[in-house]
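Dear colleague,

Please find the structure below, handed over for your review.

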Amino acid sequence: MSSVIPREALQHLELRLQGAIVGPLEEAGFFEEIEGRELSALSQEFGDRKLLNYLLEALHDWGYIYLAGTKVYRTAKRPEVPPVVGDDVEDFMVVPSKVFSRLYEAVKDGKRPFHVSSPENRALFYRFMDSRFLKMMLLEGLRRLGLSSIPRGAVVADLSFHMGVVTGIIAMETEAAVVAVDPSQDMLDLARERLNAQGLLRDNISFIRSAPERVRQAVSSAGHSVIHLAVVAEKLNWIRDPILLLKNAASVLAPGGRGRERGYIGILQSVWDDPIMRGYSLATYLMGSDISPRRSDVDKWLRASGLRYKVEGRGPMFMARAWR
Amino acid sequence: MVLVTCPICGKRHDVSPSPGWNFVLCDVDHGVTVFVDGRGNVREVHGTKLAERGARLRFVPGMDDLAPTWIDVDRIRLVLDGTIPPSEEDEAAVRVLLRLGIVRYEEVE
Ligand SMILES: [Zn+2]
């Protein structure tokens, strides 16, 4: 896996995502439906108002619609086809192309036909998290957050999990003990099999069935008392109470001092503010997450959790180390 | 863990009771496919020959493009056809594919 994603690839990805969103909306007659309409009237007619609002914001910022007063109009802009699209972009687009084909239905009827809570959608979400592009992005972020320098004797808690995709990256990058936490035994088994299939399974990796918020119990049932790194990657948009997760993770961090490194939370999170992450965020929303938080939400959650933090990167994902 | 007996050779296996289809490889040419319901009860146990006609594991049409990128789909096809004996990693890959619903247990004439 290469560790640096070229900016050009990100721009191509964004163009492909825009095309995958705008195309099906055009076919469904979405733009005719909203043309010249009041925003307030539209929100009465669509089943998923939240999705509608974010979608309109994205279409507006990408230049496909504009507002005159409080009425919406289409611009002349049509999706561009990027000149050369790399394999990694095509590999990534397999799932978004599929889920956006039913974007209109989702926003109109307020249903998410690709929600990961249905077993038949598991493969789809897994394939999405498992795309080379996303794994590169996660790997690059986690390296920036110091994952590779966590020593063998330390403990890394994977509070992100994502069907074991994140656990796999952690297992590849560090020999430290890993505690992978997820409420579903089925998903934990899947993760164990993934690591087995990749030749990454080893004795110091534990799979603990628990809500990630109950991190203290999870870590102690794996036989550890503290953690040196808590990985919270693409998780804040998947849980009900991000502050609780951060607070509880902070309470199990290894204290520093006398030559020992202080434990920290590594946060890697797509944020709505980054234009490149908007198509991505809409795709994950269709599969069951919340819309990616705004950068200001993440700041707010970190402060409300009583954490100090250092920002390690801002694009395309927000990255920070946080500690007590 | 639930103990199941292989209908083909009688060997016993511990299966972790995950809802849905589970596959345990028993010998180089066959395995046991177990269906576990939502309450963790074993509902079906089938002997699954990899090479011969009969009950077997197959890719679900239209789902193979969703196979994880790190799984060599062509190789797994050969494993399921019985052309090559599976390694431990292949078995784990087949179990991943079963859990994801990309590979399924099928009765064949
Ligand atoms: Zn047998």
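**Salt bridges within and between the chains**

A:Asp61 is partly exposed, with a relative accessible area of 46%. This is a predicted model. The side chain of A:Asp61 forms a salt bridge with that of A:Arg278, at 2.5 Å from N to O. A:Arg278 belongs to helix H13 (residues 278–286) and A:Asp61 to helix H4 (residues 49–62) of chain A, so the pair ties together parts 217 residues apart in sequence. A:Arg278 is buried, at 7% relative accessible area.

Turning to the interface, 22 residues of chain A are in contact with 20 residues of chain B. The two chains bury about 1,800 Å² between them, 56% of it on carbon and sulfur atoms. Five salt bridges are counted between chain A and chain B. Helices H5 (87–100), H7 (122–129), H8 (132–144) and H10 (185–197) of chain A each supply at least two residues of the side that touches chain B. The largest share, seven residues, comes from H10(A). By class, this side of chain A has eight nonpolar, three polar and eleven charged residues.

B:Arg99 is buried at 10% relative accessible area, and A:Asp186 is buried at 6%. A:Glu193 forms a salt bridge with B:Arg95, at 3.4 Å between the closest N and O atoms.

Yours sincerely

Conventions:
Residues are numbered from 1 along each chain as its sequence is written. Chains are lettered from A and ligands numbered from 1 in the order in which they are written. This is a predicted model: local features need pLDDT of at least 70, side-chain atom pairs count only at pLDDT 80 or more; totals for chains, interfaces and linings use all residues. Side-chain values use heavy atoms; hydrogens and water are left out. Contact means heavy atoms within 4.5 Å. Buried area is the accessible area (1.4 Å probe) that two parts lose on being put together, summed over both. A salt bridge is a side-chain nitrogen of Lys or Arg within 4 Å of a carboxyl oxygen of Asp or Glu. Helices (H or I, at least four residues) and strands (E, at least two) are DSSP runs, numbered from the N terminus. Ala, Val, Leu, Ile, Met, Phe, Trp, Tyr, Cys and Pro count as nonpolar, Asp, Glu, Lys and Arg as charged, and the others, Gly among them, as polar. Buried means under 20% relative accessible area, exposed over 50%, partly exposed in between (1.4 Å probe, protein chains only).
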